Amino acid sequence: MNLMDSEIEKAKDIVNAPLANALSQAGIKFKIPENSSGQVTYYRLMSCPICSGTRTKTHKFECSFSENRAGNGRFFRAYKCFDGGNDDQNFYWEAMTRLGILTTSQVEFLTT
C-alpha cells in the first residue's frame, strides 16, 4: 500500500465528517427516514451497492448506513444490506468502496 499524504488526509476527512457530506459529494441519492430519532441517523440509499443487480425484487431506499456520534466526536457507522445474508454482517467498508467514496487502499490504511 503506497498512499500519498493527500489520499490519507482525504480518507481521514471523509470518516471524520458526517456521512451525508460524502454521500452528497459523490452524488449518491439517499433519504433520512422521518422516524429517525435519538443519536442514530439512518441514510437509506436509493440503490444498494451490495445487492443491487442481484435482487429478484425492485430495490428503493431499503438498505442503509447508520451513523452515531459518540461524546468524543467520533462516528460509529455501519451498513445494513437487507439482501446481503447474515443479519449481523456490517458492510460499511465494502459499501464505501463500491460507492467510490473510498479506495481499497484507503480502507486498508484506515482499518489497520
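I started with the β3–β4 hairpin: 5 residues sit between the two strands, and Gly73 in the turn has a positive phi of about 90°. Strands here are DSSP runs of E with at least two residues, helices are runs of H or I with at least four, and both are numbered from the N terminus.

Before going on, I noted that this is a predicted model, where local features need pLDDT of at least 70, side-chain atom pairs count only at pLDDT 80 or more, and totals for chains, interfaces and linings use all residues. Residues are numbered from 1 along each chain as its sequence is written, and side-chain values use heavy atoms, with hydrogens and water left out.

Next I looked up the pairing, which needs at least two DSSP bridges between two strands. β3 and β4 (residues 75–80) run antiparallel, joined by 6 bridges. On β4, I found Phe75 opposite Arg69 and Tyr79 opposite Phe65.

What stands opposite Phe65 in β2? I found Tyr43 there. β2 (residues 40–45) pairs with β3 (residues 64–69) in the antiparallel sense, over 5 bridges.

Then I checked the faces of β4. Phe75, Arg77 and Tyr79 make up the covered face, while Phe76, Ala78 and Lys80 are on the uncovered one. Side chains in a regular strand alternate between the two faces of the sheet.

Last, I went to Glu108, which lies in helix α4 (residues 104–111). Glu108 is 15 residues from Trp93 in sequence, and their C-alpha atoms are 9.5 Å apart.

Definitions and conventions. Buried means under 20% relative accessible area, exposed over 50%, partly exposed in between (1.4 Å probe, protein chains only).
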